[in-house]
Amino acid sequence: MSTLPSAGTDTPALATATVASEAFAATAASAAVSAFAAPPLGRRSFFALLRKSPDLVIGAALLLLHMTLIIFGPFATPYPYTEFHMTDALKAPSLQYWFGTDQFGRDVFSRVVYGAHGTLLLSTAATALGVGLGVAIGMAVGYRGGRVDEFVMRIMDGMLSFPSLLLAMLIMSSLGPSRMNVIIAIMIVFIPRSTRVLRSVTLGLKNLEFVEAAKVRGESAFWVITRELLPNALGPIVVELAIRLSFAILLSTSLGFLGIGVQPPEPDWGLMVSEGRQYLQTAPWLMFFPALAISTAVIGANLFGDGIGARLAYRGGRNDL
Amino acid sequence: MSAVRQSNPSDSVLRVFDLSIEYRTRGGNVRAVRDVSFSIGRGETFGVVGESGSGKSTLAFAVMGYLSSNAQVSSGRIDYQGEDLLAMPRQRWDALRGARIAMVYQDPMSSLNPSIIVGEQVAEAITSHEPVSAKVARDRTLELFAAVNMPEPAAIFRRYPHQLSGGQQQRVLIAMALANNPDLLIMDEPTTGLDVTTEAQILDLIAELKRSFSSAILYISHNLGVIARISDRIGVMYAGQMVEQGPVREVFRRQLHPYTAGLLECLPSLDFGRKDRALKLIQGLIPDLARLPAACSFAPRCPHARDRCHNEAPELVEVVPRHWSRCMFWREQELERAQRAATTHGGQSVLAAHATSAAPLESGAATEARARSTTTTAPARPLLVVDNLSRDYIDSKKLLGIFGQERIVHALDGVSLELAADETLAVVGESGCGKTTLARLIVGLVEPTDGTIVFDGNALEGSAAERERDVRRRLQMVFQNPDSTLNPKRSIGQALARPLALFRGLSGAQALDEATKLLRAVRLDERYLDRLPNQLSGGEKQRIGIARAFATNPDLIVCDEPVSALDVSVQAAILNLLGDLQARAHTAYLFISHDMSVVRYLADRVAVVYLGKIAEIGTVERVFAPPWHPYTEALLSAIPVPDPDAAVTPIRLEGPVPSAANPPSGCVFHTRCPRKIGAICEQQIPPARSGPEGHTIVCHIPLDTLTTVQKPFTHRS
């Protein structure tokens, strides 16, 4: 009787599996990132997570706060944001007007809430477009290599040589101020940056053996990129989205502040900060609350991105492998 | 504790008492080291053998004081000349480390600072412990370089690590470790990343240094051959415990623990192939170190286990003078093994067991070949014919197309070989010889610069994607690294489903069925279908890689070092599996490896490659016996044999490995050949001389001369 080998005469990797499943259960963007069912987020693991990755939890909390503002805010605002209350103009925050009123008597709280709509949705759209295109170009070019890679990357380098705000301003001044154009401008600013990140991720993945196995099968480049590489790049993509979102908010509100972004009467936090400048001494709440909104949104997105990035690096240091 | 009572206790440099170390992880407390005791005397070499998960590296780190922050020493002491290392304050540690206790690591490239010249790094090791001038340190460094047989010490002094070869980097590390004449030297797998000829030189060096420096050495390795050569006493570790300990000759001659016996028995050697017998395996898995029962850790896998073994945790006892064992039935297991060996000669030949079994995995070409062989006697058309295949890589282009030299690396230079259906042809060579390039060319990952590949009569043009679908179906590959051979985001079922869908048009329930059959064929079961690669061990992942290759019913599978990254016991299981599957499916293998023993076991024919050219090719029996090409001779003599009494045949290759961008003229091996006959070797390309059964040696020395001067090695006695 010959000695047939039994199943797996080797070490089971139990510890790694447990760590992996807990990590995924914790991230708010788990749906996009994880392929397998996450166990329910228990109380104990929440506090453990808070201790281990405070960035992630705080960032997620801030973002959630803003999402709540966007979704439920309109129901909480007692006054439409365009409504003037001239008799109550420049009133300090009170029970009636939670954030006070501006020079036209408009409720600042309502304006901040609707500004969230404006600023955040615009920033999210621009980020999604910019990073999306960056992913597509970066992965295609990184996989392809050769002269195409060099050509495209030199163009990207050219675009990267402009500081983001300056480039956005340039684009806005040629296109003209409008909401759509802000989205386009931010998208164009983001494309080279995201392309660069995703290209380097692709370079790290494309020589791995499972990719070679796909090539041996004769899979097309498109198949390899979308079915083999992309699922492994989701981690860095989520991080990229989160960090870029924070910059998008900053960019769009900066453009609004400078007056070349979204135009009134559309609400925009940057615009509100700009308008509130003249009342800094007399009615500081006009600047304070929109600025608070901007900073919490930016910090929230940034911390969240850092937190996820650290989480992914913590589990092995090489993307998701 | 008793294991520490040495013959000369006052002579001990290091004494470890009942050491237990745990790692705090989310999965629980992983007990990496449990109750380990041993001592090392002055000038003595203690070898620690174990596979992954045995705790040997944790042990080394503990002795050096490098345990990570989540490691906790739960009990025990480590005594260095009377001082307890575990209780030592930081300053004392800094004084000891590098001066009295030194360590040489596994990967020399990552142990050296890439931005400082190596001479300075060694000098720093000297000056940080002694207040000497830079000049004195430099002179000492040059002496050390000479002592470690470094060619041109002054030139090497000024080089950066990346400008040195692996062997040279390791010599630098050894020089650094010896700089202050330490009392204790810890070497953690120092030769694992090196080629076998380089490894042989480093082992020679260590043996020599043992005579001139009086350091005690703690040598850690998973390679029993290396341990046999280097150690005076050895300790075998399993699941964190020392299961056997004793003088090296004693332990190799007479194993008093079934794990040690199992390790030795599952090693392939140069004496037998799978047609002779299968490798004997150690069944089962390494236990979960976070959940250890109070019993013998090896019992679940032990063929000699009794009831008592599952209920009682055995102690390490000196059962025979100076020889300790942790097996309660050490006498019984010895007798049982002797009986088994006498009756069955190990395992039966794999082929005999499958001679009449049905073949669900049979490939098309093989069925044809068998049909043909029963009707005609004419030799069937070879499955794969490689003719004058070459591949060049451009290393650096000319500046602006005009200035400077263009460096071309000739990875493969005019290689020709043939492979028949249902045959295993091994391609053997050291790193940089071109064997991986050959594999990639055949499979279509790169395209040749010259030459042709003909697969079953069809010329293979272009990359894999450009070839016909049927050709791709019949030509598959198994990769080297089990950790990256599977997409970490796809389940096993998905990984297997793709080739099934692509090449056999299966989907849904049929695909599921077929995938299950494939899993069964590689000795796993359908529970694996939903798992992700990170839940599997290295051996399991490699099995899936093999299943994936067999999914398309291929005629030829190119195996690129499929067992190199695996533990010895896992390697044995995978080799048996590969042999088994070939017997059932009649698939041909092109087996790439650097390990001669593995090749001897699995292959029918073998080609030895050096610097992109074939040096020798023939059947395994003929290539492994004289006459040899001088390179083959050197390769074979360099292999560390797991037998402390084996004569070390000192055929060593001198000189640096030539670069493939600038290969030597004439015979490419002449710069290092110990049997070089004269100017002809430098000027003329050697002819291919043929012996019986198609055995070919490419050398200027005629075959009969080689036969007379080369003596076969005496390995296992």
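In the predicted model, B:P630 is buried, with a relative accessible area of 0%. This proline is found in helix α24 of chain B. Leaving aside neighbours within four places in sequence, B:P630 is in contact with B:F669, B:C673, B:R675 and B:C699. B:P630 and B:T192 are 438 residues apart along the chain, and their C-alpha atoms are separated by 24 Å.

Another proline, B:P627, lies in the loop between α23 (620-623) and α24 (630-638) of chain B. The peptide bond that joins B:P626 and B:P627 is cis, with omega at about 0°. Most residues other than glycine have a negative phi, and most peptide bonds are trans.

Backbone angles were also examined at two residues in loops. B:R322 is not a glycine, yet has a positive phi of about 70°. The loop that holds B:R322 runs between β11 (317-320) and β12 (323-325) of chain B. B:N553, likewise not a glycine, has a positive phi of about 55°. B:N553 is placed in the loop between α20 (538-550) and β19 (556-560) of chain B. With a relative accessible area of 17%, B:N553 falls under the 20% cut-off and therefore counts as buried.

B:N553 is also one of the residues touched by B:R473. Not counting residues up to four places away in sequence, the contacts of B:R473 are B:F503, B:T552, B:N553 and B:P554. B:R473 belongs to helix α17 (residues 469-474) of chain B. The relative accessibility of B:R473 is 19%, which is under 20%, so this arginine is counted as buried.

Burial was then considered for whole elements. In strand β3 (residues 45-49) of chain B, five of the five residues are buried, so the strand is largely enclosed by the rest of the structure. From β3(B), B:T45, B:G47 and B:V49 point one way, while B:F46 and B:V48 point the other way, and all of them are buried. Strand β3(B) is joined by five bridges to strand β8 (residues 216-221) of chain B, and the two run parallel. Within this pairing, B:V48 has B:I220 of β8(B) as its bridge partner. Four bridges join β3(B) to strand β9 (residues 233-238) of chain B, again in parallel. Here B:G47 of the strand stands opposite B:I234 in β9(B).

Strand β6 (residues 101-104) of chain B is covered on both faces. B:I101 and B:M103 lie on one side and B:A102 and B:V104 on the other, and all are buried. Four bridges connect β6(B) with strand β7 (residues 184-188) of chain B, and these strands run parallel. The bridge partner of B:M103 in β7(B) is B:I186.

Among the helices, α11 (residues 258-265) of chain B is mostly covered, with seven of its eight residues buried. The buried residues of α11(B) are B:P258, B:Y259, B:T260, B:A261, B:G262, B:L263 and B:L264. An α-helix has 3.6 residues a turn, so residues three or four places apart point the same way.

At the level of the whole chain, chain B has 26 helices and 24 strands. The radius of gyration of chain B is 27 Å, close to the 27 Å that the globule rule gives for 717 residues, so chain B is as compact as a globular protein of that length. The C-alpha trace of chain B spans about 75 × 70 × 50 Å along its principal axes. Of the 717 residues of chain B, 57% count as buried. Among contacts in chain B with a separation of 6 or more, 68% are between residues 24 or more positions apart.

The accessible surface of chain B comes to about 28800 Å², and 50% of this area belongs to carbon and sulfur atoms.

Key: Residues numbered from 1 in each chain as written. Chains lettered and ligands numbered in written order. Predicted model: local features only at pLDDT ≥ 70, side-chain atom pairs only at ≥ 80, totals over all residues. Heavy atoms only, no water. Rg over C-alpha atoms; globule rule 2.2 N^0.38 Å. Buried < 20%, exposed > 50% of the residue type's maximum accessible area, 1.4 Å probe, protein only. Contact = heavy atoms within 4.5 Å. Areas by Shrake-Rupley, 256 points an atom, 1.4 Å probe, with all protein chains shown as cover. Pairing = 2+ DSSP bridges.
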